Amino acid sequence: MPTVAHDVLHAIGNTPIVELQRVIPRGSARVLAKLEYANPTGSMKDRMAKAAIEGAEAAGRLQPGGTVVEYTAGTTGISLALACAVRGYGLEIVFSDAFSDEKRRMMEAFGARITDVLSDGKKITAELIKAMIAKAAELSQRPGHWYCDQLNNADASSGYRPLGEEIWAQTGGNVDAFVHAVGTAHAIHGATQALWAHRPGIRIVAVEPAESAVLSGGPSGSHQIEGIGIGFVPPLWAPELVNEIQTVSSADAKAMARRLAREEGLFAGTSSGANVVAAIRVAQRLGSGATVATILCDSGLRYLSTDVYRRP
């Protein structure tokens, strides 16, 4: 029987994994989706936030009663807001109108204070992300403030090693490929390190927006897949931990998110749709008998105000 968690942060992880059925073409490898929206805030970023906060506490960078500062598309901000509420810290978030209003409301519900950087017509671009980073760096100069700086936070990937361990255990070691989208790159790298410790031959496939395929050597551009594709190569990106890169368009990612809800009963966001699109390509290539694992990153509840689930 499950034990009682000491607090909500101890309830992070050990999320279910399910086999996709109706969206997978016949003759493909099986595709398993890890339901990270089963974490307390409905997102895989709970893992990263807990690891980052604990790392800062252990190093003495975050003092009791201090304030955390972060730039975010919302998902990391919500998870940090949860952790700060539990640990008793203030939270200053730099956000933008380019991201869903549900995320804003959740961060505020947990007590975060939000500073906005306006976008160009709600487009997610490298210029927007860099402006948000600059504003967060400015706010972090205040006394008693600690800058999480997720892109450069080396503690973050350690929070995702248990994700890889869970996939390995839940599949009984029967996994041939792992497919995941890149934002900061912490999740794909942390999970890969855990999986490769068991079997280095597991194929690792990174996913990025087709409209801003910078990891693939393409130009930076605007897209509508929240939480990934920052428009420049993440500072801690480690190409040696990836075997290939797949690009997925915003339209295809949104369409798959809708299919997952209507055909599989899995209610997730656009980055999850991108993951499944790429995972299906890999599954078709590997063929029956193989197993591909991927991630449903967060809940579709965060995107109800966007066009992802809006009826035409």
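This is a predicted model: local features need pLDDT of at least 70, side-chain atom pairs count only at pLDDT 80 or more; totals for chains, interfaces and linings use all residues.
Let us begin with strand 4, residues 90-95, and strand 5, residues 113-116. These two strands run parallel and are joined by four bridges. To find your place in the pair, look for Ile93, which has Ile114 of strand 5 opposite.

Now for the spaces inside. How many cavities of 30 Å³ or more does a search of the whole structure find? There are two. The largest cavity holds about 440 Å³ of space. It is lined by 32 residues, and those closest to its centre are Lys45, Gly183, Thr184, Gly227 and Ile228. Several elements each bring at least two residues to this lining: helix 2 (75-87), helix 4 (126-139), strand 7 (177-181) and helix 6 (186-198). Helix 6 contributes the most, with three residues. Sorted by class, the lining of the largest cavity comprises 18 nonpolar, 11 polar and three charged residues.

The second largest cavity contains about 50 Å³ of space. Its lining includes Val182 and Gly183, along with Glu208, Pro209, Ser212, Val214 and Leu215; Gly229, Ile230, Phe232 and Pro234 also belong to it. By class, the lining of the second largest cavity has seven nonpolar residues, three polar ones and one charged.

Definitions and conventions:
Residues are numbered from 1 along each chain as its sequence is written. Side-chain values use heavy atoms; hydrogens and water are left out. Two strands pair if DSSP finds at least two bridges between them. On a 1 Å grid over the protein atoms alone, a cavity is a set of points where a 1.4 Å probe fits but cannot get out, and a pocket is an open set with protein on both sides within 12 Å along at least five of seven lines; lining residues have an atom within 4 Å of a point. Grid points are joined across faces, edges and corners, and a volume is the space filled by probe spheres set on the points. Ala, Val, Leu, Ile, Met, Phe, Trp, Tyr, Cys and Pro count as nonpolar, Asp, Glu, Lys and Arg as charged, and the others, Gly among them, as polar.
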